[in-house]
Amino acid sequence: MRQRRKNECEICGAPASHVCPICGRVVCDKHWAGDKCIICAETICAICGKRLSIATCAICGRPVCEECSIQVNPVVRVCIECAEKYSIETRDWPPRDIVELELRKLSTRLEEFVKKWRLVARS
Ligand SMILES: [Zn+2]
Ligand SMILES: [Zn+2]
Ligand SMILES: [Zn+2]
Ligand SMILES: [Zn+2]
């Protein structure tokens, strides 16, 4: 394992001034999100804001930790807020209307992604 020097941002190598309380990374001002590193800020549970997310909610798409989500089937997790909103219970997952809505959302997202990717490829 490569020994990292302390006081160097683990993301960019610039002089670091913060230690992330969640992951323990040392980061510079640029990579500090106020109370955690930007990596944790992006991957932190959207519900409790404390624990790292382990999955994204299949309905709202927010990152959620184990405790703030429920496993509805081996591949799908939903956050506790959506679970409550749609009264999801593991046994009758997935409700047909939600699946259809999600599929529609997913295909638009995919289209956007392809469009963006084409732009990048062209430039
Ligand atoms: Zn940095
Ligand atoms: Zn962190
Ligand atoms: Zn959480
Ligand atoms: Zn959700």
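**Close-up views of a predicted model**

**View 1. Lys30 in the loop between E2 and H1.** Lys30 lies in the loop that runs between strand E2 and helix H1. The model shown in this and the following views is predicted. Lys30 counts as exposed because 10 other C-beta atoms lie within 10 Å, and a residue with 12 or fewer falls in that class. Leaving aside residues up to four places away in sequence, Lys30 touches Cys12 and Ala14. Ser17 is 13 residues from Lys30 along the chain, and the C-alpha atoms of Lys30 and Ser17 are separated by 9.9 Å.

**View 2. Asp35 in the loop between E2 and H1.** Asp35 is found in the loop between strand E2 (26-27) and helix H1 (38-43). Asp35 has 12 C-beta neighbours inside 10 Å and therefore counts as exposed. From C-alpha to C-alpha, Asp35 and Val19 are 9.2 Å apart in space; along the sequence, 16 residues separate Asp35 from Val19.

**View 3. The E5-E6 hairpin.** Strands E5 and E6 form a hairpin, with two residues between them. Strand E5 covers residues 69-73 and strand E6 residues 76-79. The two strands pair in the antiparallel sense, over four bridges. Ile70 has Val78 in E6 as its bridge partner, and Gln71 stands opposite Arg77, also in E6. In a regular strand, side chains alternate between the two faces of the sheet.

**View 4. The largest nonpolar core.** This core has 22 residues. The members that touch the most other members are Val27, Cys57, Val64, Val78, Cys79, Cys82 and Ala83. At least two residues of the core come from each of E2, E6 and helix H2 (80-85). Domain 1 (1-43) and domain 2 (44-122) both contribute residues, so the core lies between them. In soluble globular proteins, nonpolar side chains tend to be buried together. Over the whole chain, buried residues make up 23% of the 123 residues.

**View 5. Contacts of Val64.** Val64 is among the core members that touch the most other members. With residues up to four places away in sequence not counted, Val64 touches Cys45, Ala46, Ile47, Ser53, Ala55, Thr56, Cys57, Ser69, Arg77 and Cys79. Of these, Arg77 is also the residue that Gln71 stands opposite in E6, and Cys57 and Cys79 are listed with Val64 among the core members that touch the most others.

View 6. Helix H3 consists of 27 residues, 96-122. At 1.5 Å a residue, H3 should span 39 Å, which agrees with its end C-alpha atoms being 39 Å apart. H3 is hardly covered: the count of buried residues among its 27 residues is zero. Leu101 is found in H3 and counts as exposed because it has 12 C-beta neighbours inside 10 Å. Leu101 and Ile59 are 42 residues apart in sequence, and their C-alpha atoms are 9.1 Å apart in space.

**View 7. The chain as a whole, for orientation.** The chain has three helices and six strands. Along the sequence, these elements follow the pattern β-β-α-β-β-β-β-α-α. Among contacts between residues at least 6 apart in sequence, 6% join residues at least 24 apart.

Key: Residues are numbered from 1 along each chain as its sequence is written. Chains are lettered from A and ligands numbered from 1 in the order in which they are written. This is a predicted model: local features need pLDDT of at least 70, side-chain atom pairs count only at pLDDT 80 or more; totals for chains, interfaces and linings use all residues. The expected span of a helix is 1.5 Å times one less than its number of residues. A residue is buried if 20 or more other C-beta atoms lie within 10 Å of its own, exposed if 12 or fewer, and partly exposed in between; C-beta atoms are placed from the backbone. Two residues are in contact if their C-beta atoms, placed from the backbone, lie within 7 Å. Two strands pair if DSSP finds at least two bridges between them. A nonpolar core is a set of buried Ala, Val, Leu, Ile, Met, Phe, Trp, Tyr and Cys residues joined through C-beta atoms within 7 Å. Domain bounds come from an automatic or database domain assignment.
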